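Student: I have a model open and would like to learn how to read it. Could we go through it together?

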Amino acid sequence: MLHIEFTTDLGARVTVDVESPAQLLDTQRQYGRLGWTSGDVPSGGYQFPLENEADFDWTLIGARRWTSPDGEELVIHRGHAYRRRELEAVDSRKMKLPAAVKYSRGAKSTDPEHVREKSDGEFEYVTLAIFRGGKRQDRYATPRQNAQGAQPTQASRPAPQAAAPSTRPAPQAATRPAPRPAPVAASADDETPF
């Protein structure tokens with residue numbers, strides 16, 4: 001059995017048991033939707049492949065996407081707003097770096113020294129995540145929702161196989177009105193869990 005220690009959005013520490021490594025990411029998603037985090041942001045931010053940026057599942061780290069009234073794309077994590085910045089590739093004699101997308105914010109006096117990064121001039125910033133190079137990891141992508149609006153878990157996701165014949169009964173005669181679709185639950189992106 002595995003144990004994950006989360007910090008809730010109110011600062012409480014909670015230990016959650018996970019039965020197998022296959023359930024680890026699903027558990028992080030479940031509690032991450034509440035704004036709970038597991039661990040500290042590493043110096044320089046989390047590193048992910050650039051191909052994962054478009055559909056990255058921010059709940060894995062206890063964060064969520066948010067668009068400001070001005071249309072700016074932000075990520076909210078532990079009460080801080082991180083801006084999306086596109087970085088061009090660097091190809092100089094001193095350094096070669098591929099293009100990247102970075103989520104960062106201005107540093108605050110309360111930020112520990114090891115997470116602060118200096119830019120040109122006196123400005124300092126803190127990086128939450130950077131997406132650069134690498135090969136896409138499907139496990140970091142936002143899970144697709146099934147017809148009932150629920151997200152399939154890794155443990156319950158069936159292996160790809162041929163479609164089985166339908167076991168649904170034949171439709172009834174149209175003597176009653178068609179049922180209304182169930183209301184769609186608000187996604188984690190629409191709610192403010194903290």
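Tutor: Happy to; we will take confidence, then the cores, then a helix.

Student: How confident is the predictor in the chain, by mean pLDDT?

Tutor: This is a predicted model, so begin with pLDDT, the predictor's confidence in each residue. Here the chain has a mean pLDDT of 81, with 74% of its residues at 70 or more. Over residues 153–171 the value is below 50, and that stretch has nine contacts beyond near neighbours in sequence. Residues 183–188 are also below 50, with three such contacts.

Student: Which residues have the most contacts inside the largest nonpolar core?

Tutor: Look for buried nonpolar residues joined through side-chain atoms within 4.5 Å. The largest such core here has 19 residues, and Y46, F48, W58, Y103, L128, A129 and F131 have the most contacts inside it. Strand 3 (46–48), strand 9 (100–106) and strand 11 (124–132) each supply at least two of its residues. Strand 11 gives the largest share, four residues. A second, separate core has six residues, including F6, V16, Y31 and W36.

Student: What is L128 in contact with, leaving aside neighbours within four places in sequence?

Tutor: The partners of L128 include V41, Y46, W58, I61, V75, H77, Y82 and Y103.

Student: How many residues of helix 1 are buried?

Tutor: Buried means under 20% relative accessible area. In helix 1 (residues 24–32), seven of the nine residues are buried. They are L25, D26, T27, Q28, R29, Y31 and G32.

Student: Which strands do they pack against?

Tutor: The buried residues of helix 1 pack against strand 1 (2–7) and strand 2 (13–18).

Terms used
Residues numbered from 1 in each chain as written. Predicted model: local features only at pLDDT ≥ 70, side-chain atom pairs only at ≥ 80, totals over all residues. Heavy atoms only, no water. Buried < 20%, exposed > 50% of the residue type's maximum accessible area, 1.4 Å probe, protein only. Contact = heavy atoms within 4.5 Å. pLDDT = per-residue confidence, 0-100.
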